[in-house]
Amino acid sequence: MNDRHGRTIEYLRLSVTDLCSYRCAYCMAEDGVQKRAHEDILSIEELAEIGEAAVRCGVKKIRLTGGEPLVRRGILTLCERLRALDGLRELTMTTNGAKLGEMAADLKAAGVDRLNVSLDTLRPERFRALTRRGELSDVLRGLDAAAAAGFTHTKLNAVLLGGVNDDEIAGLAALAKDNDYSVRFIELMPMGVCAAFPKERFLSADAVLAAVPALERVGDDGVAELYRAPGYRGTVGLIRPMSRCFCAGCDRIRVTADGRLKPCLHSDAELPLRGKHGAALEDAIRAGAAAKPERHQLSRGSGTRRGMFEIGG
């Protein structure tokens, strides 16, 4: 499946809910989101059908996202159905880690291959302030449970927040020293609630290289530049949507929890998938892939009206 700019589209980010157990300050308002009616959100059967159609169109990797996917009822059933698809190379999930301690073994048994876990700070009070309700100990317990369940090469996602967590860059990177983690630092993007943040919050990923000068470039993993310091088991990744546009290598499409395909995270363009089946659904997915713009225009701000929790992180 190709877009009109010659990129091969093999990666689907499938959002299963816009609800989350946290209220991260850079993601959503403190009072959370307006809860949708049950019928406004894709059912597990509809999510599976979209995943199946996407794989028939050439998708090789599906990432389940949210909101927080582990609050979605039926998530394990969905994982089992997707992992059974011929042609799917990898099934992954992004989670805030709050429920990972109790669900890691079940996720592994259901066929999830790898996890991305959000972790912006290692300080309990700061974690509580950033998430507005979370406990760092839950996430750390979840990471231990994931390792015990057999998950390897877990990715830890840390959003760079100037004046908030930039004093923890070295400490977060050091998590890759004794573990096979990939600690990935992600530049904050001006979308949703953080579009109004002061300029000093938006930090270049070069700050990571300054904070950990021993890091040496070792390659790439998708959109992440990979680094490793001497003696590290894992890697440190830099994801630079602001300072270095990586749109030329973008291979993904996104489907929101209410059933709309987004060709680009930062475009307001959306194509409805709900109610389509069989060949009509495949045609809509191919049309969405073909509609990917050449690049985003983040220098002028994000073009989407949705927050990241509404799209799928």
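A salt bridge here is a side-chain nitrogen of Lys or Arg within 4 Å of a carboxyl oxygen of Asp or Glu. The model you are looking at is predicted, so local features need pLDDT of at least 70, side-chain atom pairs count only at pLDDT 80 or more, and totals for chains, interfaces and linings use all residues. Residues are numbered from 1 along each chain as its sequence is written, and side-chain values use heavy atoms, with hydrogens and water left out.

Let's start with the charged pairs. The salt-bridge rule gives a count of 21. One of them joins E135 to R128, with N and O 3.1 Å apart. To place such residues, we call a residue buried under 20% relative accessible area, exposed over 50%, and partly exposed in between (1.4 Å probe, protein chains only). On that scale E135 is partly exposed at 30%, and R128 is partly exposed too, at 35%. Another salt bridge pairs D220 with R217, whose closest N and O atoms are 2.6 Å apart. Here D220 counts as exposed, at 53%, while R217 is partly exposed, at 43%.

A third pair takes us into a helix. Helices (H or I, at least four residues) and strands (E, at least two) are DSSP runs, numbered from the N terminus. Both D283 and R286 belong to helix 8 (residues 278-290), where they sit three residues apart, about one turn of the helix. Their side chains form a salt bridge with an N to O distance of 4.0 Å. D283 is partly exposed at 48%, and R286 is partly exposed at 36%. The pair also belongs to a network of salt bridges that links R56, E282, D283 and R286.

Now for the interior. In soluble globular proteins, nonpolar side chains tend to be buried together. We define a nonpolar core as a set of buried Ala, Val, Leu, Ile, Met, Phe, Trp, Tyr and Cys residues joined through side-chain atoms within 4.5 Å. The largest such core has 77 residues, and I62, L64, L107, F185 and I285 have the most contacts inside it. Helix 1 (residues 44-56) gives the most to this core, with seven residues. Taking contact as heavy atoms within 4.5 Å, I62 touches several residues beyond four places away in sequence, including L12, L14, V55, L82 and L88. A separate core of five residues includes V223, A224, L226 and I239.

What about the cysteines? With a disulfide defined as a pair of cysteine sulfur atoms within 2.5 Å, the structure holds zero. For C24, the nearest cysteine sulfur is that of C20, 6.2 Å away. C24 is buried, at 16% relative accessibility. C79 is also in no disulfide, and the nearest cysteine sulfur, again that of C20, is 17 Å away. C79 is buried, at 0%.

Finally, the backbone deserves a look. Most residues other than glycine have a negative phi, and most peptide bonds are trans. Between G66 and G67, however, the peptide bond is cis, with omega about 20°. G67 is found in the loop between strand 2 (61-65) and helix 2 (75-83). R132, which is not a glycine, has a positive phi of about 65°. R132 lies in the loop between helix 4 (124-131) and helix 5 (136-149), and is partly exposed at 31%. H153, also not a glycine, has a positive phi of about 55°. H153 lies in the loop between helix 5 and strand 5 (155-160), and counts as partly exposed at 49%.
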